[in-house]
Amino acid sequence: MRIHLLALAVAAAFVTLLPAGPAHAAGTSFTWVGSSQDPTADNHSWTDARNWSPQGVPGNGDSVSIAQPNGSHCTAHVDNVPTVTLTDLTLRQTPDLCGTSINGGQLTVTGTFTWDGGALASPTTLAAGSVGTINGTNDRQNGLAQDLDVAGSLSLTGVTGRAALLISNPSVLHVLPGGTLTSVGDNLVTFLSCCNNPARVTNDGTVAVDGGTFEVDAVAFDQDGTLTASGGGRLLSTAAPVTAGDGASYDGTGGWTIHDRSHAVVTGTQTLGPDFHLELGSLTDQSGSTLAGAAVLAGSGTFDWSGATIEADLTVAHGVTVHAAGVPTHNGRRVLQGSDTTVTPAVPAPFTIHGRLVVDQGAEIGTAGTARLVIASDGTLSLAPGSAFDSGACCVSPDRIVNHGTVEVTDGPGSDPVVVTNVFLDSDGDVAVPTGQVLELNQVVTVRGGTLLGTGTLAADVDNVGGTVRPAGSERGTFTVDGSYHQHRSASLAIDLGQGTGDRLVVTGAATLGGRLATHDLGGYRPRTGATRQVLAAASVTGRLGCAVTSGTASTGADAGHWQPRAGATLLKVRWVAGRRTQC
């Protein structure tokens, strides 16, 4: 026991006799010199006072600059870093020398943070009010191997190519509430190692893209704060998981593209500013991307559907436009998947439009998995000539367009038909086809309400359950049903004879009218004074005409009330009731 106590006493005396680091005033600025000035320095420890100029150990309130001292001491690998709060911190790797790194305890920076090459392997926080910059002027990699939390502001400038910011998994660049990460010009954040438990950029504050492209490649991006893009700038998420949480918002004149094997999950409300473009997929790159979850796109911006698969329960609020434009290349496709397969078991995933879904000329949307595209009462599906919907399966539990609002074919450019294949249209809203345009549906169109109108051609069989066929709308002319037309008793054919020459409904197949023939008042049958034979002037069919009701004086003879049959047409029955409203 006496020997043991003696050994402890000798050790304590030895420690007491070691020279302490020189005292320094608070707020001292230290520069790393390693063993370039004192060969007895260990050339790696933060806590060795001989590694610093002036000699001492940096502590709370001090500032630190770390770079390689010279060609003979071409590395600056600093370890044994304590937990310390610094005013300023600079980490720099000189291009023509070796490596620079810092590794150890928690660093907090309250003033200025400058990083231009080298590895940051100490967890670091930029405190509120601090100003940081990561730049690529030294053309050397910036490697993040621990979490970097931003409560102040951090800018990326020229961080691309060999000077990219590489984050090793599972490290996180975290923008805290109140913090801002700004990308100025082109910048690249990518992975140092991949792919299980990936590296992440998490935004709970503000990410700002100031011109150029801010690419986050193979690094997960969590968007729970504000994303702004000015000067046409764009955030590009590539080949990585993406999340967007409730309350996320978007502003500016640029956008965010999620493409090339990125898999996004959105939840809650995402609010798009008036000039912001949120883009899913890409026309020029292989897509393979998906959008899942359950969310509402609110605000007044644009959702560009350039490719990829939507399997989210997604609602587009009134004021937001979904734009399907162009033809994807490299096997890219737009697919509306009727169920969210990212959860087990899969759940239904309707795509509901309260705003506008605009499908441009030549653009195609594929459907699968009992897809449901729901056009709400305040929504519009706008189809340019030459656009298309196509399902890969038919006909048990078919994919459907459910229309409570408006489905319209636009008046040009061109006159190629809009083709809908193996997708049913179930409508109690309006369907409008203008002069010279064709809406071709390779299934039965069920009209449960609303109005079927226009002066173009609907190439389909029509089952009019309870809607109104109004051939001309605001114009006068002929509306063609290039198929059969069956009208139930609760439906009506509305025509306007007020200008002398009646509108015409042309049916190329069988036609059965059970319901009302309405004249000028589209709310139902209202006979005009002296009505005799004009009402049926609207019907021109090659099949058969069923029960029709009018009022006035019955006409005999071949024209039977100016009904002009085509070859092979048969008039089954016309019931004339003078002076009163009657239903078949």
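User: How do the residues of the lining of the largest cavity divide into nonpolar, polar and charged?

Analyst: The model is predicted. In the lining of its largest cavity, 11 residues are nonpolar, 1 is polar and none is charged. The lining includes Val 242, Ala 244, Tyr 250, Trp 256 and Gln 270.

User: Which elements give two or more residues to the lining of the largest cavity?

Analyst: They are strand 26 (241-244), strand 28 (255-259), strand 29 (263-272) and strand 31 (290-299). Strand 29 supplies the largest share, 3 residues.

User: Why is Gln 223 called buried?

Analyst: The relative accessible area of Gln 223 is 0%. Buried means under 20%, so Gln 223 qualifies. The residue lies in strand 23 (residues 220-223). Beyond its neighbours up to four places away in sequence, Gln 223 touches several residues, among them Asn 203, Thr 243, Ala 244, Tyr 250 and Trp 256. Ala 244, Tyr 250 and Trp 256 also belong to the lining of the largest cavity.

User: What does the side chain of Gln 223 reach, and at what distance?

Analyst: The side chain reaches the backbone oxygen of Ser 249 at 3.5 Å. A polar contact requires N or O atoms within 3.5 Å, so this pair sits at the cut-off.

User: Why is Asn 142 called buried?

Analyst: Asn 142 has a relative accessible area of 0%, and the limit for buried is under 20%, so the label applies. Asn 142 is found in strand 13 (residues 142-144). A polar atom of its side chain lies 2.6 Å from the backbone nitrogen of Gly 117. Leaving aside neighbours within four places in sequence, Asn 142 has contacts including Trp 115, Asp 116, Gly 117, Ile 134 and Leu 165.

User: How do you know that Cys 74 and Cys 98 form a disulfide?

Analyst: Their sulfur atoms are 2.0 Å apart, and the limit is 2.5 Å, so the pair counts as a disulfide. A search of the whole structure finds 1 disulfide. The pair links distant parts of the chain, 24 residues apart. Cys 74 is in the loop between strand 3 (63-66) and strand 4 (76-81), and Cys 98 is in the loop between strand 6 (89-92) and strand 7 (100-104).

User: Why is the disulfide of Cys 74 and Cys 98 called left-handed?

Analyst: The torsion about its S-S bond is about -70°, so the disulfide is left-handed.

User: Is Cys 98 buried, exposed or partly exposed, and what relative accessible area makes it so?

Analyst: Cys 98 has a relative accessible area of 34%. That value falls between the limits of 20% and 50%, so Cys 98 is partly exposed.

User: What sets Asp 139 and Asp 260 apart in phi?

Analyst: Asp 139 has a positive phi of about 55° although it is not a glycine. Asp 260 has a positive phi near 55° and is likewise a residue other than glycine. Asp 139 is in the loop between strand 12 (131-135) and strand 13, and Asp 260 is in the loop between strand 28 and strand 29.

User: Why is Asp 260 called buried, and why is Asp 139 called partly exposed?

Analyst: The relative accessible area of Asp 260 is 14%, which is under 20%, so Asp 260 is buried. The value for Asp 139 is 28%, which lies between 20% and 50%, so Asp 139 is partly exposed.

User: Why does Leu 425 count as buried?

Analyst: Leu 425 is at 3% relative accessibility, under the 20% limit, so it counts as buried. Leu 425 lies in strand 48 (residues 423-427). Its contacts outside four places in sequence include Ile 401, Val 407, Leu 441 and Val 444.

How values were computed:
Residues numbered from 1 in each chain as written. Predicted model: local features only at pLDDT ≥ 70, side-chain atom pairs only at ≥ 80, totals over all residues. Heavy atoms only, no water. Helix = DSSP H or I, 4+ residues; strand = E, 2+ residues; numbered from the N terminus. Buried < 20%, exposed > 50% of the residue type's maximum accessible area, 1.4 Å probe, protein only. Polar contact = N/O pair within 3.5 Å; in protein donor to acceptor, adjacent residues only side chain to side chain. Contact = heavy atoms within 4.5 Å. 1 Å grid on protein atoms, 1.4 Å probe; cavity = no way out; pocket = protein on both sides within 12 Å on 5 of 7 lines; lining within 4 Å. Nonpolar A, V, L, I, M, F, W, Y, C, P; charged D, E, K, R; others polar.
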